[in-house]
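Hi everyone, thanks for coming. I'd like to walk you through a structure today, so let me put it up on the screen.

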Amino acid sequence: MATEWLRAMLANAFPDATELAVEDRTGTSDHFLVTVASPRFDGLPLIDQHRLVNEALAAPLADGTIHELRIKTKGTA
Amino acid sequence: MTDLNAKIKQVIEGEDVALFMKGTPQMVMCGNSLRALEALRRAGAPVTAVDILPDPAIRQELSALSGWPTIPQVFVRGELVGGADIVEELEQTGELERTLEERLGRDYREGRAEKTVAVV
């Protein structure tokens, strides 16, 4: 399943994540909401937090696996 | 540099607030583009919209320039602010209006107009 695969990619990119979730918003395996909480986000501007998530998911974003991506990031501080 | 690349740069650098979206403010073709547009409207931003749908090359050139993979993309005075999630979150916390005031001046809401420009 795409959600499991994306979750594994995020877990790999954020090994210190305190929260990690991938939701298939439409049940069609191409519209996702990902939630990541990580100490790496502490003190980082929102745009840079999202950049890290985009980078972690660069391959599925580029090849069209992810048609739509919503991102929710949280620091842990 | 291609002609398209130059035109995209011109919009990003020349417009106060540039919104690259799917569709136009009059006919929005994607939920996330609508979320970004509505957050900008709530903040009173003078939006210049660019529809990326007429040519797939627009999105390719834009993402290559910005390093941002998804649509919509919002720029204020040449600087990428983010996509729909970020713009919405910044609007809710009041940070979007602060950013607009800082970069465009405190009276940025005056004479606010929404326009659409084409790059192809």
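Let's start where the two chains meet, keeping in mind that this is a predicted model. On each side of the contact between chain A and chain B there are ten residues. Which elements of chain A supply at least two residues each to the side that touches chain B? Those are α2, residues 46–56, and β3, residues 68–74. Of these, β3(A) brings the largest share, with five residues.

Helix α1(B), residues 3–14, packs against helix α3(B), residues 56–66, at an angle of about 60 degrees. Their axes are 10 Å apart, and the crossing is right-handed. If you want to find the contact on screen, look on α1(B) for L4(B), N5(B), I8(B) and K9(B). Facing them from α3(B) are A57(B), I58(B), E61(B), L62(B) and L65(B). Taken together, the residues of this helix contact are six nonpolar, one polar and two charged.

One last stop, still in chain B: a hairpin. Strand β5(B), residues 73–76, and strand β6(B), residues 79–82, pair in the antiparallel sense over three bridges. Where does V76(B) find its bridge partner? In β6(B), at E79(B). The hairpin has two residues between the strands, and R77(B) there takes a positive phi near 45 degrees.

That's my tour, and I'm happy to go back to any of these spots with you.

Key: Residues numbered from 1 in each chain as written. Chains lettered and ligands numbered in written order. Predicted model: local features only at pLDDT ≥ 70, side-chain atom pairs only at ≥ 80, totals over all residues. Axes fitted to C-alpha atoms, helices over the stretch in contact; angles between N-to-C directions. Helix = DSSP H or I, 4+ residues; strand = E, 2+ residues; numbered from the N terminus. Left-handed = near helix turned anticlockwise from the far one by under 90°. Contact = placed C-beta atoms within 7 Å. Nonpolar A, V, L, I, M, F, W, Y, C, P; charged D, E, K, R; others polar. Pairing = 2+ DSSP bridges.
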